[in-house]
Amino acid sequence: MAQEGTLTSPGSLEGTEAEVAACRSERDPFQWDVREDCQVRQILDRIADKWSLLVIALLDEKTLRFGELGREIDGISKRMLTVTLRNLERDGLVLRTVYPEVPPRVEYELTPLGRTLLGTTQALVNWSEEHQDEIAEARQAFEAR
């Protein structure tokens, strides 16, 4: 039986009301890093995943089929692509449309919510491109020590 003040309803964060409030605190920007059940951490884990970022970036350009996504993302297995797309769909970032054809045609596109990530992901890509040489130099200096 749940203790008084404990949140245990399905789909909610577990913990005391104070713990959940701490997870949502605006004053501690690093609080999500220590609480696995914090939704902010879960969301960051999802969208910061390398496969998710690549899928989001590719779907910026157009609607794509599973095979097209697989060919565009070097190194991703079919299973990992399936898991990534399913998770992005679950989070409301990707829309999956199945057409009643033989064989079935399945297409993926960003939802309006998923499109709100494009500026952020593009800024991250731009930053990486601008600073890749500096990072390579830092890595070499680190390895030389």
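The following questions and answers walk through a predicted model.

Colleague: Which residue in E5 is the bridge partner of leucine 64?
Modeller: E3 and E5 run in the antiparallel sense where they pair. In E5, the partner of leucine 64 is tyrosine 108.

Colleague: How many residues lie between E4 and E5 in their hairpin?
Modeller: Strand E4 covers residues 94-99 and strand E5 covers residues 105-110. The two run antiparallel. As a hairpin, they have between them five residues.

Colleague: Which peptide bond is cis, with omega near -10 degrees?
Modeller: Most peptide bonds are trans. Proline 103 sits in the loop between E4 and E5. The cis bond runs from valine 102 to proline 103.

Colleague: How far from the centre of the ring of tyrosine 99 is the charged end of arginine 105?
Modeller: Tyrosine 99 stands opposite arginine 105 in E5. The charged end of arginine 105 sits over the tyrosine 99 ring. A charge counts as over a ring only within 6 Å of the ring centre and within 35 degrees of the ring normal. Here the distance is 3.8 Å.

Colleague: Which residue in E5 stands opposite leucine 95?
Modeller: E4 and E5 are joined by six bridges. Opposite leucine 95 stands glutamate 109.

Colleague: Is H3 roughly parallel or roughly perpendicular to H5?
Modeller: Helix H3 (residues 50-61) and helix H5 (residues 78-90) pack with their axes 10 Å apart. The angle is about 70 degrees. Angles of 65 to 115 degrees count as roughly perpendicular. So H3 and H5 are roughly perpendicular.

Colleague: How many nonpolar residues are in the contact of H3 with H5?
Modeller: From H3 come Trp51, Ser52, Val55 and Ile56. They meet Met80, Leu81, Thr84, Leu85 and Leu88 in H5. Two of the contact residues are polar and none is charged. The nonpolar residues number seven.

Definitions and conventions. Residues are numbered from 1 along each chain as its sequence is written. This is a predicted model: local features need pLDDT of at least 70, side-chain atom pairs count only at pLDDT 80 or more; totals for chains, interfaces and linings use all residues. Side-chain values use heavy atoms; hydrogens and water are left out. Axes are lines fitted to C-alpha atoms, for helices over the stretch in contact, and angles run from 0 to 180 degrees between N-to-C directions. Helices (H or I, at least four residues) and strands (E, at least two) are DSSP runs, numbered from the N terminus. Angles under 35 degrees count as roughly parallel, over 145 as roughly antiparallel, 65 to 115 as roughly perpendicular and the rest as oblique. Contact means heavy atoms within 4.5 Å. Ala, Val, Leu, Ile, Met, Phe, Trp, Tyr, Cys and Pro count as nonpolar, Asp, Glu, Lys and Arg as charged, and the others, Gly among them, as polar. Two strands pair if DSSP finds at least two bridges between them.
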